[in-house]
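Me: I have a structure open here and would like to go through it with you, starting with how the chains meet. Could you take my questions as they come?
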Amino acid sequence: MNQSEHYIEDKDKLFYHVPKSLCREPDEYLEVSPHAFNPVGESLSTNWEKFCNAEGCLNAKTLTYPEGRTSLTHGVGHFLADDIRNNPYIKGQLEIHYIGNENNKSHVGIFGIPLSKDKKPYNAMKVQLQRMFRKWDIKPIDK
Amino acid sequence: MIVNFQTADSSDSHKSEYKDVRTYRDPVNSGWMLATKLKSRIPYEFNCMRFEVVGELESLVKVFSKAELILKLEENWDEMGGEKISQKAFESTVKFVTEYANYIYSNYNQKIDIPRIFPSAEGSIDLQWETKDYGILANFDKNGNSVTFYADNKRNQIIEGRFDMEDFNINLLPTSISL
């Protein structure tokens, strides 16, 4: 077993926040849109449970949310590293890499998601990501 | 005199579009006339366009009505620079579901499972069926013409493809029916 501090075990959770606008039926928030797993940049950004919990994922301060997100605007669920690595439909296509720094020690990227403009491979991938996403650690709410 | 007409084969496949089929004696022409009564159609209107689903598929109209909300999403609705959802994409999605559902019901006497309609990238729409036995996702591009799809049975069968709304063979598409 790899003893590196930054080795992500199969059992580890990777927290991921989803805007309410990407959850179907605002009064239920039962379904997450397949488009919710479209990466910004090279990878899908998640927060590793080794350095972060669901609340930390939600409340992290950003330029867009200088006070942090809340459950009024987002929900938080997670992926399991094992699911990402060993999904039989997309086996080998996705990789998980630790990309944390002093500003975001828990940052982990999921690499290998096709661009949204590449319709067919993106369709297949977003269905699998939607199925692997486990909701909710923090459910989005209305006022 | 009106006589109820019983088909020799009582299977449902013959009922098709017709609620009941009756013959009656026409007093003027002294012959037997075939009277048919079309099943009810439920209308859905959007943007001066009218779509109709067979009465038994009324729940689809509710799906369409609820889905109209996605057209109100503003730019950057997904926090990833997302475009506003195209009306053409929405019209094509509704047109497709209507024709698809009516076709399957008329030809196989089966109701399709209830789909979900989601906003997606670049002004497009995702049409999705996801059950314990299968999944289908079809993406309607913002021009409302090109559709790409993915389907699997959650085991070992995968189908992917594309078609144009202007010209496609519905029989080549996966069927969103729970077995």
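Reply: Gladly, and the place to start is the contact between the chains: chain A and chain B bury about 2400 Å² between them, and 54% of that area is on carbon and sulfur atoms. Please keep in mind throughout that this is a predicted model.

Me: How many residues of chain A and chain B are in contact?
Reply: On the side of chain A there are 26 residues in contact, and they meet 29 residues of chain B. Between the two chains the count of residue pairs in polar contact, with both residues at pLDDT 80 or more, is 18.

Me: Which elements supply the side of chain A that touches chain B?
Reply: Both β3 (31-32) and α3 of chain A supply at least two residues each to that side. Of the elements there, α3(A) gives the most, with 9 residues. Sorted by class, the side of chain A that touches chain B has 9 nonpolar, 9 polar and 8 charged residues.

Me: Tell me about α3(A), then. Is it buried or exposed?
Reply: Helix α3(A) is largely enclosed by the rest of the structure, because 11 of its 14 residues are buried. Among the buried residues are Y122(A), M125(A), V127(A), L129(A) and M132(A), and the charged K119(A) and K126(A) belong to the buried set as well.

Me: What span should α3(A) have, and what does the model give?
Reply: The helix covers residues 119-132 of chain A, and at 1.5 Å a residue its 14 residues should span 20 Å, which agrees with the 20 Å between its end C-alpha atoms.

Me: What else does E130(B) pair with?
Reply: E130(B) also forms a salt bridge with K154(B), where the closest N and O atoms are 3.0 Å apart. That pair links distant parts of the chain, since E130(B) is in strand β7 (residues 125-130) of chain B and K154(B) is in the loop between β9 and β10 (158-164), 24 residues apart. Together with R131(A) and D152(B), these two residues are linked in a network of salt bridges.

Me: Which residue does K142(B) form a salt bridge with?
Reply: K142(B) forms a salt bridge with E83(B), the closest N and O atoms being 3.3 Å apart. K142(B) counts as partly exposed at 38% relative accessibility, and E83(B) counts as partly exposed at 29%.

Me: Changing topic, what is the overall pattern of chain B?
Reply: Along the sequence, chain B follows the pattern β-β-β-β-β-α-α-β-β-β-β-β, with 2 helices and 10 strands. Of the 179 residues in chain B, 45% are buried. Among contacts in chain B with a separation of 6 or more, 41% come from residues 24 or more positions apart.

Me: How far does α2(B) reach, and what is found at its start and just after it?
Reply: With 22 residues, α2(B) reaches 31 Å from its first C-alpha to its last, close to the 32 Å expected at 1.5 Å a residue. At its start, a side-chain oxygen of S86(B) reaches to within 3.1 Å of the backbone nitrogen of K88(B), and just after α2(B), N109(B) takes a positive phi of about 55°.

Methods
Residues are numbered from 1 along each chain as its sequence is written. Chains are lettered from A and ligands numbered from 1 in the order in which they are written. This is a predicted model: local features need pLDDT of at least 70, side-chain atom pairs count only at pLDDT 80 or more; totals for chains, interfaces and linings use all residues. Side-chain values use heavy atoms; hydrogens and water are left out. Helices (H or I, at least four residues) and strands (E, at least two) are DSSP runs, numbered from the N terminus. The expected span of a helix is 1.5 Å times one less than its number of residues. Buried means under 20% relative accessible area, exposed over 50%, partly exposed in between (1.4 Å probe, protein chains only). A salt bridge is a side-chain nitrogen of Lys or Arg within 4 Å of a carboxyl oxygen of Asp or Glu. Contact means heavy atoms within 4.5 Å. Buried area is the accessible area (1.4 Å probe) that two parts lose on being put together, summed over both. A polar contact is a pair of N or O atoms within 3.5 Å; within protein, one must be able to donate a hydrogen and the other to accept it, and residues adjacent in sequence count only if both atoms are side-chain atoms.
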